[in-house]
Amino acid sequence: MIENALKGGKRYWSWIAFLLVIIAVGGLYWLRQFNEGLTITGLNRDVSWGLYIAQFTFMVGVAASAVMVVLPYYLHNYKAFGKITILGEFVAVGACIMCMGFIFVDMGQPFRITNVFLHPSPNSMMFWDTVVLMGYLVLNVLISFVTLHSEKKSIAPPKWIRPIIILSIPWAVSIHTVTAFLYAGLVARPFWMTAVMAPRFLATAFSAGPALLILLALILRKNTKFDTGKEPIQKLAIIVTYAMIMNVFLLLMEIFTAVYSGIPEHLDHFKYLYFGLGENTALVPWMWTSAVLAVIALVLLIVPQFRKNETLLIWGCIAVFISIWIDKGMGMIVTGYIPNPLHTVTEYVPTFPEVMITLMVWALGGLIITGLYKVALSVRKQLV
Amino acid sequence: MGVDRRKFVKIAGAAALGLTAAPPIKLFSSETEEKADTSLCNTATDSCVCKPPEVDPVEQGLKKDPTRWAMVVNLGECRKHEDCKDCILACHETHNVPDFPKKKDEVKWIWKEQFSHAFHEVENEFGDEELNHSPALLLCNHCDNPPCVKVCPTQATWKREQDGIVMMDWHRCIGCRYCLAACPYGSRSFNYRDPRPHIKEINTDFPTRMRGVVEKCTFCDERLAEGKLPACVDACKYGCLTFGDLEDADSKVRELLHSHFTIRRKPGLGTQPEVFYIV
């Protein structure tokens with residue numbers, strides 16, 4: 001089954017080669033980072049987490065979003081998701097590995113990672129996050145391969161897999177909740193000190209993740225014989241719509257609380273995001289781009305005629321994905337550090353090597369997802 | 001089919017082996033510096049375990065057990081000597097704290113910060129301009145309830161039971177910088193690059209660190225073990241720094257806390273800092 005990932009046409013191998021080149025170039029920069037230290041990044045004493053940890057956070061959401069196809073299909077027996085469920089699970093597998101990759105490249109002493117298991121610390125949310133992420137990866141690998149194997153043999157999946165599938169549903173929620181707990185319980189960071197963080201993480205996950213899945217399904221439809229049909233795409237679009245509405249709603253709640261209370265320790269972070277603090281305005285254009293894209297996405301998704309038009313839906317999904325990526329993958333982590341605990345401002349801008357290392361991890365995820373999709377489609381004999 | 005799969009697993013296995021072979025090779029090359037580090041730190045580790053002899057409190061009946069170390073900083077006196085850096089230099093020389101040319105790599109254990117930044121929550125726009133702009137001496141607060149300890153995923157930083165010092169194990173730290181995110185006082189530094197070439201004169205009595213680990217003030221646990229005062233306290237010729245045991249009702253720190261109005265940084269967070277300031 002899995003050997004199908006090593007067979008393919010010219011276009012398949014060109015794409016693989018492209019990803020491998022990015023991984024190789026990024027890998028060289030990672031070696032440099034390994035030798036010189038994280039000094040080659042834009043991180044500093046005041047802003048000590050940046051692009052890597054932000055990408056990690058975003059990817060946890062993408063991983064968790066598989067539950068949006070798993071739950072309707074397995075729990076509610078929603079047959080239309082039959083073909084697409086495996087795609088969601090494979091995205092989760094790739095995203096989980098990317099999460100681990102981002103943590104790994106962020107560490108000052110990456111080869112001491114085993115210390116997390118040698119000295120387990122239940123007090124630390126990072127310990128729990130490692131546990132739930134590893135568990136989620138194992139669950140998704142197991143579920144996707146067992147079900148795909150049964151599909152290949154045209155038999156029903158074994159009975160013992162069902163409780164594991166059901167377990168994966170709350171587990172998906174747990175990974176993003178615990179990831180929010182990484183940040184939301186720190187006395188030092190008023191920007192993150194919000195009970196809404198975990199719910200909002202889930203809302204962003206359940207909009208950006210399925211939006212990505214729609215885009216991937218449409219790409220597959222264009223390039224292979226794989227076709228989910230209209231119904232599951234439209235159903236996913238509705239999930240994206242509701243989740244995106246929740247996300248924007250929760251963002252407005254955050255803004256209300258900060259602005260109406262006017263507590264400088266909370267408000268100043270939002271000022272930094274949308275207006276800048278003094279001359280420090282690095283994120284302002286990005287955050288407004290994110291806001292405008294969110295509005296465009298909502299218009300394209302909420303109006304039924306737009307949502308049902310697949311071309312417009314594609315743009316809606318792209319808008320959702322980019323808007324949330326900017327918000328979570330750029331704004332959310334860095335702004336926790338700006339202003340810093342001394343209420344002064346040190347800005348952060350990622351460096352070129354840092355961006356290349358980030359792309360390396362993205363390409364690695366792309367490679368894994370490509371290979372797994374190849375396997376799934378080969379089993380279904382739906383390749384070109 | 002089965003053969004194909006086996007073949008694939010073989011290829012994948014070989015590839016994985018190739019990937020994992022690189023790191024050990026890298027590790028060997030830096031083995032010497034790691035070793036040097038370990039041998040130096042053994043003394044520091046030993047001292048972490050044993051009780052400071054000067055304060056064998058129960059036997060001598062002088063101090064309470066457990067001890068709770070604290071510092072009182074007399075900002076009013078310190079302010080008069082704005083350019084004095086004796087305590088900072090003494091600390092950084094004793095502990096091999098590097099001096100990096102770029103601010104973004106900065107490592108510091110004790111430093112002076114504008115009062116209005118250090119205590120921004122009590123800043124008053126009509127208050128004493130001079131006070132707002134005067135320097136305040138900052139260091140690790142050795143909180144009674146340390147948020148950094150709570151978040152560490154490897155227990156590389158912990159609160160020492162017998163005297164409340166927030167300790168660091170530089171050999172266990174994985175460099176995740178979660179403690180930097182958690183510290184509400186900005187007291188922790190990360191070695192973004194190899195610190196050794198940037199140490200002016202290496203003090204061989206104290207370990208140096210390697211890149212990729214977090215460090216901070218340890219209230220001079222190694223000096224306390226020898227019955228000495230912390231290096232900064234020792235170095236201050238104006239007597240601005242007072243160090244002692246809060247559990248001991250007759251200690252100098254308790255006397256100062258009783259006779260003066262003192263403030264602590266961000267008391268509302270419940271961290272219970274052990275560094276007090278006389279304004």
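The following questions and answers cover cavities, aromatic pairs and charges over rings in a predicted model.

Trainee: How many cavities of 30 Å³ or more are there, and what is the volume of the largest cavity?
Mentor: A cavity is a set of points where a 1.4 Å probe fits but cannot get out. By that rule the count comes to 10 cavities of 30 Å³ or more. The volume of the largest cavity is about 200 Å³.

Trainee: Which residues that line the largest cavity are closest to its centre?
Mentor: The lining of this cavity consists of 16 residues. By class, 10 are nonpolar, two polar and four charged. The closest to the centre are Phe191(A), Arg200(A), Glu254(A), Asp327(A) and Met332(A).

Trainee: Which element gives the largest share of the lining of the largest cavity?
Mentor: Two or more lining residues come from each of helix H8 (197-223), helix H9 (230-261), helix H10 (264-274) and helix H13 (310-335) of chain A. The largest share is four residues, and it comes from H8(A).

Trainee: What kind of aromatic pair do Tyr73(A) and Tyr74(A) form?
Mentor: A pair of aromatic rings is described by the distance of the centres and the angle of the planes. For Tyr73(A) and Tyr74(A) the values are 4.7 Å centre to centre and 70° between the planes. Planes over 60 degrees apart count as edge-to-face, so the pair formed by Tyr73(A) and Tyr74(A) is edge-to-face.

Trainee: Is Tyr73(A) buried or partly exposed, and is Tyr74(A) buried or exposed?
Mentor: Buried means under 20% relative accessible area. Tyr74(A) has 15% and is therefore buried. Tyr73(A) has 23%, which makes Tyr73(A) partly exposed.

Trainee: How many residues apart in sequence are the parts that the pair of Tyr183(A) and Phe201(A) ties together?
Mentor: Tyr183(A) and Phe201(A) form an edge-to-face pair, 6.4 Å centre to centre with 75° between the planes. Both Tyr183(A) and Phe201(A) are buried. Tyr183(A) lies in helix H7 (residues 161-184) of chain A and Phe201(A) in helix H8 of chain A, so the parts tied together are 18 residues apart.

Trainee: Which residues do ring pairs link into a cluster with Tyr183(A) and Phe201(A)?
Mentor: Over all chains the count comes to 30 aromatic pairs. Ring pairs link Tyr183(A) and Phe201(A) into a cluster with Trp49(A), Trp192(A), Tyr337(A) and Tyr178(B).

Trainee: Which residue has its charged end over the ring of Tyr192(B)?
Mentor: In chain A, Lys374(A) lies over the face of Tyr12(A), at 4.9 Å from the ring centre. Over the ring of Tyr192(B), 6.0 Å from its centre, sits the charged end of Lys104(B).

Methods: Residues are numbered from 1 along each chain as its sequence is written. Chains are lettered from A and ligands numbered from 1 in the order in which they are written. This is a predicted model: local features need pLDDT of at least 70, side-chain atom pairs count only at pLDDT 80 or more; totals for chains, interfaces and linings use all residues. Side-chain values use heavy atoms; hydrogens and water are left out. On a 1 Å grid over the protein atoms alone, a cavity is a set of points where a 1.4 Å probe fits but cannot get out, and a pocket is an open set with protein on both sides within 12 Å along at least five of seven lines; lining residues have an atom within 4 Å of a point. Grid points are joined across faces, edges and corners, and a volume is the space filled by probe spheres set on the points. Ala, Val, Leu, Ile, Met, Phe, Trp, Tyr, Cys and Pro count as nonpolar, Asp, Glu, Lys and Arg as charged, and the others, Gly among them, as polar. Rings of Phe, Tyr and Trp (its six-membered ring) pair if their centres lie within 6.5 Å; planes under 30 degrees apart count as stacked, over 60 as edge-to-face and the rest as tilted. Buried means under 20% relative accessible area, exposed over 50%, partly exposed in between (1.4 Å probe, protein chains only). A charge sits over a ring if NZ of Lys or CZ of Arg is within 6 Å of the ring centre and within 35 degrees of the ring normal.
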